[in-house]
Amino acid sequence: MRRRRSLLPLAATLLALTVTTTWPASADRVPGNATADHVPGAGLDVQQGVVRSGDTPIGAAEVTLYRAGDRPGAPAEALARGRTDGAGRFRLGYHRPADPRAVLYLFAERGRGGPVGLAAVLGSAREHAGVAAVNAARVDEAVVNERTTVAAAYALARFAGPEGIAGGYPGLQNAAAISHNLADVADGGVARVLATAPNGAETSTLPAFNTLADILAGCVDGQTCAELFRLAGQPGQPEPANTFEAAVAIAHGPGEHVGELFALAAVRPLYRPALPTAPDAWTLALRYTGNGHEINGPGNIAFDADGNAWVTNNYEYAEDPRTSVCGGRSVLRLSPTGEDVPGAPYRGGGLYGAGYGITLDPKGDVWVGNFGFQGSGCPLDPSGLYRSVSQFGPDGAAKSPAEGWRSGGIVQPQGTVSDRDGNIWIADCGGRSVTVVPHGDPQAARRIAPPDGALVKPFDLAVDGNGQVWVTGNGSDSVLQLSPEGEPVRTVTGGGITNPLGVATDSGGNAWVANSGVVPLPCEDGTSTGLADAVRDVTQRVPGASVTVVGPDGTTPDQPFVNDGLFLPWGIAVDGDDTVWVANFGGHRVARLCGTRLSACPPGYRTGQAISPPDSGYTFDGLSRNTAVQIDPSGNVWLANNWQTVPLQTNPGGRELVVFIGLAAPVCAPLIGPPQQP
């Protein structure tokens, strides 16, 4: 691994980049009076604050206020630059950008190009999905320290490059806002979301966050820089040249040199509480609960064009786990930072006990499959809502009638996806069939029934780049390939396909299949409570747990991909680099596998090899039993805590969504067909 001297503040070493960083030309174009030694002139906005390490001010640090580039690879623009005084304070005058989506951030370094680089994301002023976002760019007093640096590095890990921070809407803006869920730039402390339930003392993220800040503090103190840069550097890439770059590199490769990095935290321990022992990996994850009294059994997630998360809900909400709950009658919509979008959740349109089926079509309409999920004590809804899908407009208004859309032979629908022509494809788990709604017209819906036995208990669907549809048969140990017109092309078996659940496609036309190895879905018997019997006692890794990749021509490898990060695979997703993410219904872990695009994997990796720690995956004590995993436009990995770890069958639903910050390559939203990078 080679070392290079970086001259660019906020230059991050990305896995896919090998270019040498140089100071961008725009960085020197700053107002002549925008320095800490000059009172800002009339007509200029003022940004002031303090740079410090722990409680110790850092004097004579060069502080630059940047506007992030507005598209991938665009150079960041320096708006003002100055130096801190002996108390670590700075005061900058600048012209505020007219664009309300412009993202601003501060970078402080002790000598240009030196090893100490601290960052703080101020944010943006924008109108987001009808919500006036907090104008974090107008913070009168900002603190730049190790905590704000870790928050910036993780939240914007996928937007940091040789020209500074850059990216398009909504990924960049949402990432900036998410950084404020980790650190409070107004005082340099822990942000409220991270500090309080369901995070705070309830999970390991807070001490992990503080320990990462302590790892940087040893270098800021001048003691551990060489060792930090060596350990944080990614295989095949130049070593980081400053503490911010090091934090970004750790965010990209959180499973590398974990114990050795942990040892560096003891050199200058400043932030508490901290981890007592090294973690499995340096990931940071948050739990979101929306308004705190709505999530009960989240099944799957789909993102709209603004990066808001639409979420299915198995059950009606009830606080008491002993209370019998029936099918959920709402669809949730959370902002990228975990709050309810005003007006959400949405009701009507025939919603009842939605399971895994949710998608957005090219018009932004949301389609939800009504599986009829419910706890014990509730007979399957006699009105037959489990034979329908619900449709909502982008504003959450129901477009389907009170009984839902029922044409086309829909029976206990699970996976529900849209293709680029607006055709809606539905896996009829209780009907051995697939329903297609051509161009979103429910009156034209038709049933596709392959030969008997070829598709039993269909669970999930995915559309590839050629418009072909791949359907998992949970009860037939198979994957069905349909043409864009709905004609069966082939049925794929073998390759380890066993009780498959989730399926996702990549940019090369491959279909990735999550093999539960154990879960026979209770669809055809007309009930939805039997699932508990299949998974109640799963406390060890399921022997058949694996992932199979199916080529565009239906070929499979001789053996599926297996590692201990695959505990009981359920949901599966592909990110913008074609790497593969797998949610587990047990084991409190998410797995990441190298995909078919080997250039996006660490050097020497092969397709299907675990990028996450192979003996554990990325574990997190805030996970319960996860069904879905999805990637948002900021590169965050979202998982649905669907069931409580020890489910009570009267009310077994999980209560949170879990978001791993900056862990994946961003994906354009809404996801229609294979993933695309923003």
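Which residues form a disulfide with their sulfur atoms 1.7 Å apart? I will come to that pair in a moment, after a word on what we are looking at. This is a predicted model, in which local features need pLDDT of at least 70 and side-chain atom pairs count only at pLDDT 80 or more, while totals for chains, interfaces and linings use all residues. Residues are numbered from 1 along each chain as its sequence is written, and side-chain values use heavy atoms, with hydrogens and water left out.

The answer to my opening question is C429 and C523, where a disulfide is taken as a pair of cysteine sulfur atoms within 2.5 Å. The torsion about the S-S bond is 65°, and the link of C429 and C523 is right-handed. This pair joins distant parts of the chain, since C429 sits in the loop between β24 (424–428) and β25 (433–437), whereas C523 sits in the loop between β32 (511–515) and α8 (531–535), 94 residues apart. Helices here are DSSP runs of H or I with at least four residues, strands are runs of E with at least two, and both are numbered from the N terminus. Both C429 and C523 are buried, and by buried I mean under 20% relative accessible area, with exposed being over 50% and partly exposed in between, for a 1.4 Å probe and protein chains only.

The structure holds three disulfides, so let me turn to the others. C219 and C225 are joined with their sulfur atoms 2.0 Å apart, and because the torsion about their S-S bond is about 95°, this disulfide is right-handed. C219 is buried at a relative accessible area of 1%, and C225 is buried at 13%. C594 and C601 form a disulfide with sulfur atoms 2.1 Å apart, and their link, with 100° about the S-S bond, is right-handed. C594 counts as buried at 0% relative accessibility, as does C601 with a relative accessible area of 8%. A further cysteine, C668, counts as partly exposed, at 29% relative accessibility.

Now to the helices. Helix α1 (residues 146–155) packs with helix α6 (residues 243–252) at an angle of about 45°, their axes 8 Å apart; axes are lines fitted to C-alpha atoms, for helices over the stretch in contact, and angles run from 0 to 180 degrees between N-to-C directions. That angle makes α1 oblique to α6, given that under 35 degrees counts as roughly parallel, over 145 as roughly antiparallel, 65 to 115 as roughly perpendicular, and the rest as oblique. On the side of α1 the contact, meaning heavy atoms within 4.5 Å, is made by T149, A152, A153 and Y154, and on the side of α6 by F244, A247, V248, I250 and A251. These residues divide into eight nonpolar, one polar and no charged, where Ala, Val, Leu, Ile, Met, Phe, Trp, Tyr, Cys and Pro count as nonpolar, Asp, Glu, Lys and Arg as charged, and the others, Gly among them, as polar.

Helix α2 (residues 171–179) has eight of its nine residues buried, so it is largely enclosed by the rest of the structure. Among those buried residues are L172, Q173, N174 and I178.

Finally, the chain as a whole. There are eight helices and 40 strands in the chain, and of its 678 residues, 64% count as buried. Among contacts with a separation of 6 or more, 62% are accounted for by residues 24 or more positions apart.
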